[in-house]
Amino acid sequence: MKAEYANVFIRSAVHVFKKELNINMSRQSLVKKNAPIPGLPVCIILGITGHVRGQVVYSLDKSFAQDITHAMLPNKLPHELKKYINSAVGEIGNMITGQASIEMAGQDKIINLTPPAVFTGDQIVVDFLQMPTVSLRLLSEMGMLEINIAIMEEVL
């Protein structure tokens, strides 16, 4: 995977969190893995096809997911927020990936995204693509976001 793809996702995540939630994010770490397996209990999975193909898997802890939901829906009562958590974090993943894909596509390439799938729990088993993955962690005052990027250019 090209290093420039990681930078696109870092920029997109920092931008979306600041613009949509008024949350400042800073880069903490970057490691290479063999698959985009999430390290935290709430995960958002998006597939990517077109000029590049693969998966992007976001993960975060439950309290950060609740804080994101509250920031997106500030007028909801705490007991009401629980039913919106999956939708809120799925939408954040969709916004980050959408912005990154627009930048990667440029003027002449096409990139398509699958709708986000959100999973919550410590014991969930999902078979992920076995492909080189860059895993990066971004930190805010509210919590950590892990982004696992497993994409490659489509060979025609």
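Predicted model: local features only at pLDDT ≥ 70, side-chain atom pairs only at ≥ 80, totals over all residues.

Student: Which elements give two or more residues to the lining of the largest cavity, and which gives the largest share?

Tutor: Searching the whole structure turns up one cavity of 30 Å³ or more, with about 50 Å³ of space in it. Its lining includes F17, I44, Y58 and L145. Two elements give two or more residues each, β3 (52–60) and α4 (85–105). The largest share, four residues, comes from α4.

Student: How many of the residues lining that cavity are charged?

Tutor: Let's sort the lining by type. Nine of the residues are nonpolar and one is polar.

Student: What about the largest pocket, how much space lies in it?

Tutor: The pocket has 13 lining residues, and P38, L40, C43, G121 and I124 lie nearest its centre. By type, the lining splits into 10 nonpolar, two polar and one charged. The space in this pocket comes to about 180 Å³.

Student: Which residue in β5 is the bridge partner of I44?

Tutor: I44 is one of the residues lining the largest cavity. Strand β2 covers residues 42–50, and seven of its nine residues are buried. β2 runs antiparallel to β5 (residues 117–120), with four bridges joining them. In β5, the partner of I44 is V118.

Student: And which residue in β3 pairs with I45?

Tutor: A hairpin joins β2 to β3 through one residue. The two strands run antiparallel, with seven bridges between them. Over in β3, the bridge partner of I45 is V57.

How values were computed
Residues numbered from 1 in each chain as written. Heavy atoms only, no water. 1 Å grid on protein atoms, 1.4 Å probe; cavity = no way out; pocket = protein on both sides within 12 Å on 5 of 7 lines; lining within 4 Å. Points joined across faces, edges and corners; volume = space filled by probe spheres on them. Nonpolar A, V, L, I, M, F, W, Y, C, P; charged D, E, K, R; others polar. Buried < 20%, exposed > 50% of the residue type's maximum accessible area, 1.4 Å probe, protein only. Pairing = 2+ DSSP bridges.
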